[in-house]
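Okay, thanks for coming, everyone. I'd like to walk you through one structure today, so let me put it on the screen.

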Amino acid sequence: LMDIDLGPESPDGTDTAQGILKARDLPIVFCTNHADKEMVDQVRGIARYGYVLKYAGEFVLIESINMAFELFDAHTKLKAREMESRLVVDNIDDAILRYDREGKFIFFSRGAERMFGFSAEEVIGKKGTQTINPPVDSGGMNQNKMLTDIFNDPEAYAYNESENVRKDGFRIMVAWHNKAVY
């Protein structure tokens with residue numbers, strides 16, 4: 001439990017909570033007399049495990065603590081699963097990519113890094129045609145249009161072969177299995 005007002009000579013509870021969370025991942029429930037929206041918004045940016053008004057009563061406080069532990073447990077399990085999934089994906093030799101609706105990369109696996117020679121940092125936030133997709137391939141296919149078509153009709157491109165380009169400029173043919181993930 002963390003109060004927001006820790007005394008006149010102390011940092012406030014929000015600063016203290018941020019310092020604690022830098023050192024250790026744990027659920028913090030704020031218990032305070034502050035009921036204004038600005039304070040709730042400030043706390044929301046620190047930890048989302050709970051905010052209880054001191055005069056809310058013992059039952060509300062206990063239930064808030066219980067919910068905080070349940071949320072923390074679920075969050076911890078989710079992070080562990082994400083780490084396991086990332087470990088599997090990072091050790092697959094295939095390229096696994098995710099684009100957003102604008103055609104910009106939001107994920108670029110280690111296999112993709114090995115295949116294309118770009119690091120994830122070099123491609124995240126860029127469009128495929130700025131990196132691994134030539135705007136027009138050697139056969140004259142407009143890859144800008146193809147990428148747009150994939151988003152508009154993913155089933156039509158469930159399996160696709162296309163010419164791609166590595167960082168060193170070498171062109172390669174790649175067989176893709178595409179899946180829309182919403």
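Which residues of α3 are buried? They are Ser-64, Ala-68, Phe-72, Val-89 and Asp-90. Buried here means under 20% relative accessible area, exposed is over 50%, and partly exposed is in between, with a 1.4 Å probe and protein chains only. Keep in mind that this is a predicted model: local features need pLDDT of at least 70, side-chain atom pairs count only at pLDDT 80 or more, and totals for chains, interfaces and linings use all residues. Residues are numbered from 1 along each chain as its sequence is written, and side-chain values use heavy atoms, with hydrogens and water left out.

Helices and strands, by the way, are DSSP runs numbered from the N terminus (H or I, at least four residues, for a helix; E, at least two, for a strand). Helix α3 runs over residues 58–90, which is 33 residues. From first C-alpha to last it reaches 47 Å, close to the 48 Å expected at 1.5 Å a residue; that expected span is 1.5 Å times one less than the number of residues. Covering its buried residues are, among others, β2 (51–53), β4 (105–108) and α4 (110–116).

Now look at Tyr-49, in the loop between α2 (37–44) and β2. Tyr-49 counts as buried, at 14% relative accessibility. Setting aside residues up to four places away in sequence, Tyr-49 touches several residues, including Ser-64, Ala-68 and Phe-72; contact means heavy atoms within 4.5 Å. Tyr-49 also touches Leu-26, Pro-27, Ile-28 and Val-29. Between Tyr-49 and Met-67 there are 7.6 Å, C-alpha to C-alpha, and they sit 18 residues apart in sequence.

Next, the rings. How many aromatic pairs does the structure hold? Six. Rings of Phe, Tyr and Trp (its six-membered ring) pair if their centres lie within 6.5 Å; planes under 30 degrees apart are stacked, over 60 edge-to-face, and the rest tilted. Phe-108 and Phe-116 make a tilted pair, with 6.3 Å centre to centre and 40 degrees between the planes. Phe-108 is buried, at 2% relative accessible area, and Phe-116 is buried too, at 0%. Ring pairs join Tyr-99, Phe-105, Phe-108, Phe-116, Phe-151 and Trp-176 into a cluster.

Last stop, strand β5, where you'll find Glu-161. Is Glu-161 buried or partly exposed? At 48% relative accessibility, Glu-161 counts as partly exposed. Glu-122 is 39 residues from Glu-161 along the chain, and their C-alpha atoms are separated by 24 Å.
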